Amino acid sequence: MRINEAYEHAAILPCPGEDSGCNKIVTQCVDVTAPVTLVPTASLGTVTVACQGVPVVNCTTDPCGTSSTITVTQRVCVTIPVRYDVSMNTCDPTISCADGGSCGPCSPCGCKA
């Protein structure tokens, strides 16, 4: 008797719940990276100066009386216009397989459907 003679009378049926053939669904987690570089800039405008009030004069003489020092103090308002800005540079996104191999119900890798 040949090995397959015992089975020639009935067709081999697929496993319950499966169609004939081999249909599978696989899931793979991937890491997608979209690099963005932010570059700050600061531009200074023209500085302006304006006196505030009157100057304060202070005069001191050395103990020997051979010299005098005059100190003049003036409050000055300095205005410095500054323009801040940020520009953005982008690069092409990249993709790579996530660590841990394939994902599935028996080997979760953190993928959310």
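This is a predicted model: local features need pLDDT of at least 70, side-chain atom pairs count only at pLDDT 80 or more; totals for chains, interfaces and linings use all residues.
Residues are numbered from 1 along each chain as its sequence is written, and side-chain values use heavy atoms, with hydrogens and water left out.

**Overall architecture**

The protein has zero helices and six strands, arranged along the sequence as β-β-β-β-β-β. Helices (H or I, at least four residues) and strands (E, at least two) are DSSP runs numbered from the N terminus. Of the 113 residues, 3% are buried; buried means under 20% relative accessible area, exposed over 50%, and partly exposed in between (1.4 Å probe, protein chains only). Among contacts (heavy atoms within 4.5 Å) between residues at least 6 apart in sequence, 73% join residues at least 24 apart.

**Nonpolar patch**

L44, V47, V49, V76, V78, I80, V82 and Y84 make a nonpolar surface patch of about 790 Å². The elements giving two or more residues to this patch are β4 (68–79) and β5 (82–90). Patches consist of residues with over 30% relative accessible area and no salt bridge; like charges are joined within 9 Å, and nonpolar side chains (Val, Leu, Ile, Met, Phe, Trp, Tyr) within 5 Å. V49 lies in strand β3 (residues 48–61).

**Charged residues**

One salt bridge is present in the structure, a salt bridge being a side-chain nitrogen of Lys or Arg within 4 Å of a carboxyl oxygen of Asp or Glu. R83 and D85 form a salt bridge in which the closest N and O atoms are 3.9 Å apart. Side chains of opposite charge can pair when their charged atoms come close.

R75 belongs to strand β4. Leaving aside neighbours within four places in sequence, R75 contacts A50, C51 and Q52.

The table gives the accessibility of individual residues.

| Residue | Relative accessible area | Class |
|---|---|---|
| V49 | 58% | exposed |
| R75 | 63% | exposed |
| R83 | 56% | exposed |
| D85 | 38% | partly exposed |

Technical notes:
Accessible areas come from the Shrake-Rupley method with a 1.4 Å probe; for residues, only the protein chains shown count as cover.
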